[in-house]
Amino acid sequence: MTDSNGFFDLSRKNISRRAALKGIAAGAGLMAAPGFVRYSQAQSSAPIKIGFQAHRTGIGAAYGRWYEKTTNAAVKLINDAGGINGRPVEIIVEDDGTDPKRGAEVVGKFASQHKTDVVYGTLFSHVVVGSAPTAGELKIPYYVVSEGYHVASGKMNRWVFQPGITDVRSQVTSVAPWVAANLGKKVTMIYPDYAFGYDHRDYFGPAIKAQGGDVIAQIPIPPTESSFTKYLPQIPAHTEVLYHVMVGPGVLTFVKELGEFYGSNKPQLFGFIDSLEAVDINSPGLEFLDGSHFWEGSPRYAQANDSEAQKAYRKAVGIDDNGASVSDPKDVSTAAHMFGCWETLYVIKKAMEDAGYKGPEDRAKLVEATEALTEFKEGPEHPQGDKIFNGKIHQVFGHQNISKVEGGKLNVVHRTSIEDGIYAPEADYTTQPL
Amino acid sequence: MPFLPHLLLATLEGLVTSAVLALTALGLSLVFGVMRIVNVAHGEFFMLGAVLAWAITSAVTGHPALGFAAALVLSPLIVGFVAWISERLVLSRIEYNPEATIVATIGLLYIIQQLALTFYGPEARPVTPPFNYRIQLPWFGYSGYKLSIIAASALLLIAAWFVLTRTRIGLVMRATQYDRETAQAFGIPVGRVYGAVFALGAMLAAIAAVLIVPISQAHYLMGLDPLLLSFIVVIVGGLGSLRGTVVAALLIGVSDGIISVFFSPTLAKIIATLLVALVLVFRPQGLFGAATK
């Protein structure tokens, strides 16, 4: 199309074919040259911003600190390898105080003020439950590294994912057969009196019943409780297995008081390591736990058969063979959960790459790309083990470890299969409009 | 578990709560009785005592009892000093105006809490008890250290009673409480007495915290519960009454122990709150408090 002045008639400018080829060659050479800006292939080299909703203070603080260390280690590796879609990743941290109300505010802050691409990182289930509606309203993908059954149950919304760590329902379902076969069939449960504890209450009972066992008593404890002796007489005398899961500052006291109450004449103990995350297993008063068993997501202590990926991961996050910080042996990590941060970041990376994610306008595409994922292979990106992902319930399924306290260490004695933890899905987020 | 051992356990638990509560509430009651100040920061002095106990015990090497003894002496002294400074710098400047002191102590609460968060961190940290002795009863085991808390608290309460009623220091305090102007006219340095009383109140909270910290843990948010319970105790017992404080602490602590063992801890809190309401309606000055002159 030309006008009378020939303004748009490129042919009249007479750019020679030779000149054009030269230009293209020079451009290509520049792109291929070593040391050229790493993020050049992207349309924009602005960083991909991931809002990290961290429990820096409040009862989740110990987890928050290690979630942050793990996140930083994974982001460093991702950036060293070229970032996501050729763009560097930037983590923006906001403290939610382990408080649901503040959690929702933080999600709003990420979406409106920091304008992050996604929100990520939350652990405590009440914070997830409190924040999820805000993420849904603001239509910002919300990748949680929690454990509760809240995501898989269908009670959240289409914007909430849990792709890096298994949920409590899956965990308790897969350990129940081992507990019934090895420890005993009459179980008393002690659990925190809120959503996370209710997942244990609601799903361990049926799982142990399926093995011919029975939950003979259930003792809920308020999460802010600091003394526990008063609950201990409620444990029936014919209890064979005491199933305990606790969170918050009081857990060490709980175990100590259990030790004082029972002495050597105790039932078998099966605990969720949540009770002792970030706590040295050799602390005074914890001798009582010797010979007892714990669930662990990822083992705290280095195991003889650790994969190369697991070894590299431990080195990158800076934990020694005892699961404590390499710079301070007293600083015990939250190894059983924090791998979820590492793996979730790699899931976000994969989904962003699949979606060809460019910016906040592609958030819906990112949700669909995440839902389309099906499995993650064990390896540097998934050091805890291989996993399968159910895009309908936004939940990942993987292996669980059962460890025994022996000689002041936790040794893995059983590793469940992925199938042990699979249950029939009760929801389908993909039917919700984006 | 049979009924009587169950009741014994409940009573022991209740007595431990009472022991710590009596000391904490006595501090609050003393400050109000003498200075007519509602010290909202009282729980933070308690927390500060526990956090310092952690710092001191982790700095002292050797047998845990050495560190604990050092904490029992140093921690209340440091807390008392902090309280004295705040009294001199803040409360005396606003001339103990009742409304202003409430706002000022709320401010103090937040300052202390945030300083603890900044310098100590958000973790809950354990303090090793000076001794680990488990008493095996036929039905259950009980911590020997917990029993020692009851004994220590009883001794401290007797000492406080002795100081307040049998010594010159107590006489001066009571004179200041009775009539500030007259006391001043008789040459009592009221300002210095007030500073000392405020520090003493904080020290009592700190001692209670050092005693309790080996069986709970030091945490920067731990001040709220003791503050609320102390308020309940001083309202029920009567402000400024030593006897009332001890009786109310026993009443609240033991009933809390028994109700929470046999029923639920939530019910125990409901009943305590109900008791406060009833006392306020039928005996506003508290069970043992004197009516305002």
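B:Leu251 is found in helix H10 (residues 242-262) of chain B. In this predicted model, B:Leu251 counts as partly exposed, because its relative accessibility is 40%, a value that falls between the 20% and 50% limits. B:Leu251 and B:Gly14 are 237 residues apart in sequence, yet their C-alpha atoms are 9.0 Å apart in space.

B:Asp256 pairs with B:Lys269, and the closest N and O atoms of the two are 3.2 Å apart. The pair links distant parts of the chain, since B:Asp256 belongs to helix H10 and B:Lys269 to helix H11 (residues 265-282) of chain B, 13 residues apart. B:Asp256 is buried, with a relative accessible area of 13%, whereas B:Lys269 is partly exposed at 43% relative accessibility.

Another feature of chain B is a nonpolar patch on the surface, formed by B:Leu72, B:Val73, B:Leu74, B:Leu77 and B:Ile78, with about 400 Å² of accessible area together. B:Leu72 lies in helix H3 (residues 64-91) of chain B. The relative accessible area of B:Leu72 is 32%, and the residue is therefore partly exposed.

**Salt bridges**

The structure holds 23 salt bridges over all chains. The table lists three of these pairs.

| A:Asp214 | A:Lys209 | 3.6 Å |

The surroundings of the two pairs in chain A can be described residue by residue. A:Asp214 is partly exposed, with a relative accessible area of 33%, and its partner A:Lys209 is exposed, with a relative accessible area of 56%. In the other pair, A:Glu225 is buried, with a relative accessible area of 16%. A:Lys230 is buried as well, with a relative accessible area of 9%. Chain A also contains a network of salt bridges that links A:Glu94, A:Lys101, A:Arg102, A:Glu105 and A:Lys109.

**Aromatic pairs and charges over rings**

A search of the whole structure finds 24 aromatic pairs over all chains. One of them is formed by A:Phe204 and A:Tyr243: the ring centres are 4.2 Å apart and the planes stand at 35°, so the pair is tilted.

A:Phe228 sits in the loop between strand S7 (214-221) and S8 of chain A, while A:Phe254 sits in helix H7 (residues 251-262) of chain A, so the pair ties together parts that are 26 residues apart in sequence. A:Phe228 and A:Phe254 are both buried.

A cluster of rings is also present, in which ring pairs link A:Phe204, A:Tyr243, A:Phe270, A:Phe272 and A:Trp295.

A:Lys69 lies over the face of A:Trp66, at 4.0 Å from the ring centre. A:Arg169 lies over the face of A:Tyr423, at 4.4 Å from the ring centre.

**Strand S10 of chain A**

A:Trp295, one of the cluster residues, belongs to strand S10 (residues 293-296) of chain A. In a regular strand the side chains alternate between the two faces of the sheet. In S10, A:His293 and A:Trp295 point one way and A:Phe294 and A:Glu296 the other way, and all are buried.

Strand S10 has pairing partners in S9 and S14. Strand S9 (residues 268-272) of chain A is joined to S10 by 3 bridges, and these strands run parallel.

Methods: Residues are numbered from 1 along each chain as its sequence is written. Chains are lettered from A and ligands numbered from 1 in the order in which they are written. This is a predicted model: local features need pLDDT of at least 70, side-chain atom pairs count only at pLDDT 80 or more; totals for chains, interfaces and linings use all residues. Side-chain values use heavy atoms; hydrogens and water are left out. Rings of Phe, Tyr and Trp (its six-membered ring) pair if their centres lie within 6.5 Å; planes under 30 degrees apart count as stacked, over 60 as edge-to-face and the rest as tilted. Helices (H or I, at least four residues) and strands (E, at least two) are DSSP runs, numbered from the N terminus. Buried means under 20% relative accessible area, exposed over 50%, partly exposed in between (1.4 Å probe, protein chains only). A charge sits over a ring if NZ of Lys or CZ of Arg is within 6 Å of the ring centre and within 35 degrees of the ring normal. Two strands pair if DSSP finds at least two bridges between them. Patches are made of residues with over 30% relative accessible area and no salt bridge: like charges are joined within 9 Å, nonpolar side chains (Val, Leu, Ile, Met, Phe, Trp, Tyr) within 5 Å. Accessible areas come from the Shrake-Rupley method with a 1.4 Å probe; for residues, only the protein chains shown count as cover. A salt bridge is a side-chain nitrogen of Lys or Arg within 4 Å of a carboxyl oxygen of Asp or Glu.
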